[in-house]
Amino acid sequence: MHQSVLLEEVVALFEPLSQKPQPVLIDCTLGLGGHSLALLQAYPNLHIVGIDKDKEAQTLALDKLAPYAERFTHKQGNFAEVLPTLPPPQGILADLGVSSLQLDNPHRGFGFHSLNLDMRMDMEQSLDAFKIVNHYSLYELERVLQMGEVHGHKKIASLIVQHRHKQPFNTAQDLASFLAKHTHRGKLHPATLVFQAIRMEVNAEMQNLQALLEYSKTLQDTLLCVIAFHSLEDRQVKHAFREYAKVYGESLTKKPLIPSQQEVRLNPRARSAKMRAFYFKAL
């Protein structure tokens with residue numbers, strides 16, 4: 001069962017929207033609809049536009065949100081492309097994590113035990129993890145792993161390239177087992193950061209975040225909340241909000257909000273979540 005991270009904190013953050021007559025919030029990463037459902041339940045005058053490119057998640061989310069159909073609109077696609085086509089909202093939420101639906105489905109290629117090597121959130125796009133692992137050049141693989149802040153990225157990229165010459169990596173299991181044998185074991189599974197880096201490349205996650213942050217400079221009287229799960233993403237948001245505070249408004253989180261110990265015990269996947277929020281003032 002997927003558990004939306006920092007759920008109470010997200011609902012509390014957007015409380016000011018309840019004081020507006022007909023506020024609209026855009027949920028950039030609808031997923032299974034957990035955040036949207038809680039917000040619709042908490043604020044009866046709120047309308048939400050949910051964006052997602054995962055059709056499997058979309059089906060489940062729409063079913064969950066059916067009781068609120070009059071206050072919920074769904075848009076299929078990449079939020080970086082959809083956002084500029086919508087009227088300016090009063091709130092924006094972007095949860096940049098991967099849902100349990102994606103991680104636990106053995107056919108999606110996100111988890112270490114998956115029978116595929118895929119990792120696409122949009123199953124209609126051509127680039128997948130198999131192409132990156134088995135066909136990217138050594139230089140391109142090094143770039144992907146370095147961007148993902150993988151320790152020893154050059155060595156790992158070289159090991160992958162050497163191995164695939166003999167036998168391609170056909171499943172996530174193949175890749176995870178290989179990394180477990182050939183890389184250092186720490187607190188995390190040796191494949192964790194490598195998988196994360198590949199997933200971010202497959203889904204252009206850093207480019208999409210950058211597009212969101214660039215778009216947000218056009219907002220007025222709007223609350224923006226971003227939940228990041230990778231230090232690179234969180235750093236980008238932190239630096240952007242620091243610069244925006246000089247011109248556009250104020251940061252509402254001097255330090256990122258993180259899950260409580262109780263939440264992490266109930267949902268270990270929440271452990272790396274960091275939430276930052278910014279208010280774009282009316283000019």
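Colleague: Let us start with a helix: what covers the buried residues of α10?

Modeller: The covering elements include α6 (129–135), α7 (138–147), α8 (153–166), α9 (172–182), α11 (205–216) and α12 (231–244). Please keep in mind, as we go on, that this is a predicted model.

Colleague: How many of the residues of helix α10 are buried, and which are they?

Modeller: Helix α10, which spans residues 192–202, has nine of its eleven residues buried, and can be called mostly covered. The buried ones are V194, F195, Q196, A197, I198, R199, M200, E201 and V202. Just after this helix, A204 adopts a positive phi of about 50 degrees.

Colleague: Which residues touch the most other members of the largest nonpolar core?

Modeller: The general idea is that in soluble globular proteins nonpolar side chains tend to be buried together. Here the largest nonpolar core has 30 residues, and those touching the most other members are L117, M119, I160, L175, L179, F195 and I198. Two or more residues of this core come from each of α6, α7, α8, α9 and α10. If we follow I198 and set aside its neighbours within four places in sequence, we find I198 in contact with M119, A129, I132, V133, V144 and L175.

Colleague: Now a strand: why is β5 described as largely enclosed by the rest of the structure?

Modeller: Strand β5 covers residues 222–228, and because seven of its seven residues are buried, it is largely enclosed by the rest of the structure. One can also read the strand face by face: T222, L224, V226 and A228 are buried on one side, while L223, C225 and I227 are buried on the other.

Colleague: Which strands pair with β5, and in which sense do they run, parallel or antiparallel?

Modeller: Strand β4, residues 91–95, runs parallel to β5 and is joined to it by five bridges, with L93 standing opposite C225. Strand β7, residues 274–280, pairs with β5 in the antiparallel sense over seven bridges, and in that pairing F278 of β7 is the bridge partner of L224.

Colleague: How many salt bridges does a search of the whole structure find?

Modeller: The general idea is that side chains of opposite charge can pair when their charged atoms come close. The search finds twelve salt bridges. In one of them, the side chains of K55 and E124 meet at 2.7 Å, N to O. Because K55 lies in helix α3 (residues 55–64) and E124 in the loop between α5 (100–104) and α6, this pair ties together parts that are 69 residues apart in sequence. K55 counts as partly exposed at 45% relative accessibility, whereas E124, at 61%, is exposed.

Colleague: Which parts does the salt bridge between E149 and R235 tie together?

Modeller: The side chains of E149 and R235 meet at 2.2 Å, N to O. E149 belongs to the loop between α7 and α8 and R235 to helix α12, so the pair ties together parts that are 86 residues apart in sequence. E149 is partly exposed at 32%, and R235 is partly exposed at 33% relative accessibility.

Colleague: Are R276 and D234, which also form a salt bridge, buried or exposed?

Modeller: Both R276 and D234 are buried. Their side chains meet at 2.7 Å, N to O, and since R276 lies in strand β7 and D234 in helix α12, the pair ties together parts that are 42 residues apart in sequence. Salt bridges can also form a network, as the one linking D54, E56 and R108 shows.

Methods: Residues numbered from 1 in each chain as written. Predicted model: local features only at pLDDT ≥ 70, side-chain atom pairs only at ≥ 80, totals over all residues. Heavy atoms only, no water. Buried < 20%, exposed > 50% of the residue type's maximum accessible area, 1.4 Å probe, protein only. Helix = DSSP H or I, 4+ residues; strand = E, 2+ residues; numbered from the N terminus. Pairing = 2+ DSSP bridges. Contact = heavy atoms within 4.5 Å. Core = buried A, V, L, I, M, F, W, Y, C linked by side-chain atoms within 4.5 Å. Salt bridge = Lys/Arg side-chain N within 4 Å of Asp/Glu carboxyl O.
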